[in-house]
Every structure is written in C-alpha cells, then in structure tokens.
Amino acid sequence: MPKYYEDKEEDSRACAGIREDFKACLLQHDCVVKEGKMPSECLKEGHCKALQTSFFECKRSMLDTRSRFRGRKGY
C-alpha cells in the first residue's frame, strides 16, 4: 500500500502508488543502505522483485486497449 503523508504533494501520474513503494523499497533495502550499492545494481541482484513486476504490469496496462474496460492494474 502507498504511504500517505500530510505535507506531500499529490502525484496524479499513472501508477504513482506503486512507483513510490518501489522507490522506497529500493532506497531502504540493506543492499543500498548497508552495502552502499546503487539501486540499479540491487535491481540486477533481484531485490524488490514483486514491486518491480507490479510496476511493470501497471505501466504495461496503460498501453493495453482492454484496460479501458478493466481499469489499470495496481493502485
């Protein structure tokens, strides 16, 4: 679920909730925090894979013409 803050700007872009959670997962993961690696390197190692897949599915559903009826995937 996305994290909501009182002083935060509203992001009206598509897949904003998943994007925020994916970003937070990467930046708070031990791979980045303790080992000091780049987030892109941690992605290659397979960290936060479920959120990465959900974000991909949400972005792909934007191009899917059937999503007009079904709605976008994600939150």
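Helices (H or I, at least four residues) and strands (E, at least two) are DSSP runs, numbered from the N terminus. By that definition, the chain has 5 helices and 0 strands, in the order α-α-α-α-α along the sequence. The model is predicted, so local features need pLDDT of at least 70 and side-chain atom pairs count only at pLDDT 80 or more, while totals for chains, interfaces and linings use all residues. Residues are numbered from 1 along each chain as its sequence is written, and side-chain values use heavy atoms, with hydrogens and water left out.

**Chain overview**
- Of the 75 residues in the chain, 24% are buried, where buried means under 20% relative accessible area, exposed means over 50%, and partly exposed lies in between (1.4 Å probe, protein chains only).
- Contact means heavy atoms within 4.5 Å; among contacts between residues at least 6 apart in sequence, 46% join residues at least 24 apart.

**Packing of α1 and α4**
- Helix α1 (residues 16–28) packs against helix α4 (residues 49–63) at an angle of about 155 degrees, and their axes are 9 Å apart.
- That angle makes α1 roughly antiparallel to α4, since angles over 145 degrees count as roughly antiparallel, under 35 as roughly parallel, 65 to 115 as roughly perpendicular and the rest as oblique.
- Axes are lines fitted to C-alpha atoms, for helices over the stretch in contact, and angles run from 0 to 180 degrees between N-to-C directions.
- On the α1 side, I18, R19, D21, F22 and C25 take part, and they meet L51, Q52, S54, F55, C58 and K59 of α4.
- The residues of this contact comprise 6 nonpolar, 2 polar and 3 charged, where Ala, Val, Leu, Ile, Met, Phe, Trp, Tyr, Cys and Pro count as nonpolar, Asp, Glu, Lys and Arg as charged, and the others, Gly among them, as polar.

**Nonpolar core**
- The largest nonpolar core has 8 residues: A14, C15, I18, F22, L26, C48, F55 and C58.
- Helices α1 and α4 each supply at least two residues of this core, and α1 gives the most, with 3 residues.
- A nonpolar core is a set of buried Ala, Val, Leu, Ile, Met, Phe, Trp, Tyr and Cys residues joined through side-chain atoms within 4.5 Å.

**Two individual residues**
- G17 is found in helix α1 and counts as buried because its relative accessibility is 11%.
- The C-alpha atoms of G17 and F55 are separated by 9.2 Å, although these residues are 38 apart along the chain.
- M38 is found in the loop between α2 (30–33) and α3 (39–45) and counts as exposed because its relative accessibility is 52%.
- M38 and L27 are 11 residues apart in sequence and 9.1 Å apart in space, C-alpha to C-alpha.
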